[in-house]
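Reader: I would like to learn how to read a few features of a structure. Please show me where to begin.

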Amino acid sequence: MEKIKPKVAFFDISCCEGCQLQLLNIEDTLLDILDQVEIVNFREIASENGQDYDVAFLEGSVTNEHDAQRVLEIREKAKILVAYGACATIGGINGVKNTRPLDEVRREVYGDLASCFETGPNRSIDQVVPVDYYVNGCPIYPPELLKVFTRILRGLPYSVPDYAVCVECKLRENVCLYEKGQVCLGPITRAGCNAWCPSWGNTCYGCRGILTNPAEQGQLDVFKRYGVSDAVIFDKMTLYYKCQKEGARGR
Ligand code: SF4
Ligand code: SF4
Ligand code: SF4
């Protein structure tokens, strides 16, 4: 008897679609995944536009009422909803607009046409509807996506690690980037990416979101110890950290 495959759909709202591209970058494993599911909607690789699905991967954050309406519709149809990528899980880079008055942001982006464009506070998906699974990161980390996919297929839950990137970084025996004069947010950022950036010599900029109980004072002490200026701290913290503090929850 032919195995019944779950129907999977990929959707996006306000985002750059980079997380969907990440899936296409793992073409070897992608074939194994495709063997176990039926992709019914994924506009970056297929022309089908099926609206009957079991699992919906939703990329992007909610930045206006149109986004919110789409999220509600997708949630209503999907048995399982996956927040896919930092925009969806924690509000992502779009959250920068939460740090300034919306009218000011609209004027700066659209100039004289500002009044023609609707915009609202940036929200993560779970600030609008309940979410069943989270795949964090900007972009998502492919090995974690495969882990989540496997859990979904087996009907098991997945919890995003709630310990610091530094833990994974130490397990990989990397020399701390602070010792090389760089500034890294690993101490307060959720792990799960196997210290992806520091392992390639790049600092962690916090894309997987803040720990539930971040050691903020510890991070400030590290900044002080290595003489990091206020301007650099502001720059680093604004990208994801401050936005998340002021808006999206994330997991
Ligand atoms: S999380 Fe990053 S890569 Fe993914 S859609 Fe948002 S901005 Fe793009
Ligand atoms: S490089 Fe970053 S993640 Fe690695 S130990 Fe240092 S602060 Fe932590
Ligand atoms: S190291 Fe930091 S910035 Fe890089 S993927 Fe992991 S959480 Fe994101």
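Author: Start with the elements: helices (H or I, at least four residues) and strands (E, at least two) are DSSP runs, numbered from the N terminus. Here, Arg100 lies in the loop between α4 (86–90) and α5 (102–110). This is a predicted model, in which local features need pLDDT of at least 70, side-chain atom pairs count only at pLDDT 80 or more, and totals for chains, interfaces and linings use all residues. Residues are numbered from 1 along each chain as its sequence is written, while chains are lettered from A and ligands numbered from 1 in the order in which they are written.

Reader: Is Arg100 buried or exposed?

Author: A residue is buried if 20 or more other C-beta atoms lie within 10 Å of its own, exposed if 12 or fewer, and partly exposed in between, with C-beta atoms placed from the backbone. Arg100 is exposed because it has 10 other C-beta atoms within 10 Å.

Reader: Which residues of α3 are buried?

Author: Asp67, Val71 and Ile74 are buried in α3. They lie on the same side of α3, because they cover an arc of only 70 degrees around the axis; the arc is that of the directions from the helix axis to the C-beta atoms. The face turned away from this buried side carries the exposed residues Glu65, Leu72 and Glu76.

Reader: What do the buried residues of α3 pack against?

Author: Two residues are in contact if their C-beta atoms, placed from the backbone, lie within 7 Å. The buried residues of α3 pack against β1 (7–12), β3 (55–59) and β4 (80–84).

Reader: Which residues come closest to ligand 1?

Author: A residue is near a molecule if its C-beta atom, placed from the backbone, lies within 6 Å of it. Of the 13 residues that surround ligand 1, the closest are Cys15, Gly18, Gly85, Cys87 and Cys138. Two or more residues of this shell come from each of α1 (18–24) and α4.

Reader: Which residues come nearest to ligand 2?

Author: Around ligand 2 there are 14 residues, and Cys166, Cys169, Cys176, Cys184 and Gly186 come nearest. Ligand 3 is surrounded by residues including Cys193, Cys197, Cys204 and Cys207.

Reader: How is the chain divided into domains?

Author: Domain bounds come from an automatic or database domain assignment. That assignment gives domain 1 (7–154) and domain 2 (165–246). Their centres, taken over C-alpha atoms, are separated by 25 Å. The contact takes 14 residues from domain 1 and 14 residues from domain 2. On the side of domain 1 that touches domain 2, α4 gives the largest share, three residues.
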